[in-house]
Amino acid sequence: MSMRIDIITVLPELLKSPFEASILKRAIEKGLVEVHLHNLRDYASGNYKQVDDYQFGGGAGMVMMIEPIDKCISKLKAEREYDEVIYMTPDGNTLNQGMANELSLKKNLIILCGHYKGVDQRVRDMFVTREISVGDYVLSGGELAAAIVCDAVIRLLPGVLNDETSALTDTFQDNLLAAPVYTRPAEYKGMEVPKILLSGNTPEIEKWREQQSLERTQTRRPDLLM
Ligand code: ADE
């Protein structure tokens, strides 16, 4: 069963490259996920292909109009059922690993990228089932945020990662930060790798990693332990 993600955007160019390299590219090539980009302007009417307009009540900044978004979402929904219509917005719920895990179990997702002052509130009331922020800062549009959601979700799909890149030991996967890692050489300019990692004693190494993980979380992110 593969996942399908439809991304609605006024800037499809901005979203091409994340899916043309590395793990996401491989996931698509393996047929584990399909990602479709939809240019909102293709659903706009009139000679100017207008997708945004001044906001009622006055104030700076344009608002994305409901009609092109309705047309695009309705066309997609007529073709298949969607589990979620996600709107990327700084006032949404902040993305975390739990949310990525949850989304990775879905089959069909629509992701709507906001721009300017955002979308007409009626779009959110009528179509959107989930609003996601990637953090407490404002991006110039939802595209890069959508790419982050896609990356976090797609790498969790069965078959995307191999043993080497397994998601099980990731930071956050059990609400702990990952332990420090080292590779060759064992000594570099006088800096040594912790002896335990060279001992070959797997149970002791595991114990050390767990302890490091806990210490790191306590000092850097005590909020995760609460
Ligand atoms: N669009 C603009 N800023 C954003 C953010 N922080 N998260 C999600 N979408 C956004």
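**Domains, sheet and ligand site**

The C-alpha centres of domain 1 and domain 2 sit 38 Å apart. Domain 1 covers 3-154 and domain 2 covers 174-225, with bounds that come from an automatic or database domain assignment. All of this is read from a predicted model, in which local features need pLDDT of at least 70 and side-chain atom pairs count only at pLDDT 80 or more, while totals for chains, interfaces and linings use all residues. Residues are numbered from 1 along each chain as its sequence is written, and side-chain values use heavy atoms, with hydrogens and water left out.

Now for the sheet. It is open and built from 5 strands in the order 2-1-6-5-7, with parallel pairing. Strands here are DSSP runs (E, at least two residues; helices are H or I, at least four), numbered from the N terminus, and two of them pair if DSSP finds at least two bridges between them. Strand 2 (33-39) and strand 7 are the edge strands, each pairing on one side only. On average, neighbouring strands of this sheet are turned by 30 degrees against each other, direction ignored; the axes behind that angle are lines fitted to C-alpha atoms (for helices over the stretch in contact), and angles run from 0 to 180 degrees between N-to-C directions. Strand 1 (residues 3-9) and strand 6 (residues 108-113) run parallel and are joined by 5 bridges. Within this pair, Ile 8 has Leu 112 of strand 6 as its bridge partner.

The ligand is surrounded by 13 residues, the closest being Thr 89, Val 134, Gly 135, Tyr 137 and Leu 139; a residue is near a molecule if one of its heavy atoms lies within 4 Å of it. Strand 5 (84-94) and strand 7 (130-133) each put at least two residues into this shell, and strand 5 gives the largest share, 3 residues. By type, the shell splits into 8 nonpolar, 5 polar and no charged residues, where Ala, Val, Leu, Ile, Met, Phe, Trp, Tyr, Cys and Pro count as nonpolar, Asp, Glu, Lys and Arg as charged, and the others, Gly among them, as polar.

Backbone atoms reach nitrogen atoms of the ligand at several points. A backbone N or O atom of Tyr 137 is 2.8 Å from a ligand nitrogen, a polar backbone atom of Val 134 is 3.0 Å from one, and a backbone N or O atom of Thr 89 is 3.2 Å from one. The protein buries 96% of the 260 Å² that the ligand exposes when taken alone.

Most residues other than glycine have a negative phi, and most peptide bonds are trans. Tyr 116, in the loop between strand 6 and helix 4 (121-126), has a positive phi of about 55 degrees. Arg 184 and Pro 185 are joined by a cis peptide bond, with omega about 0 degrees.

Methods
A polar contact is a pair of N or O atoms within 3.5 Å; within protein, one must be able to donate a hydrogen and the other to accept it, and residues adjacent in sequence count only if both atoms are side-chain atoms. Accessible areas come from the Shrake-Rupley method with a 1.4 Å probe; for residues, only the protein chains shown count as cover.
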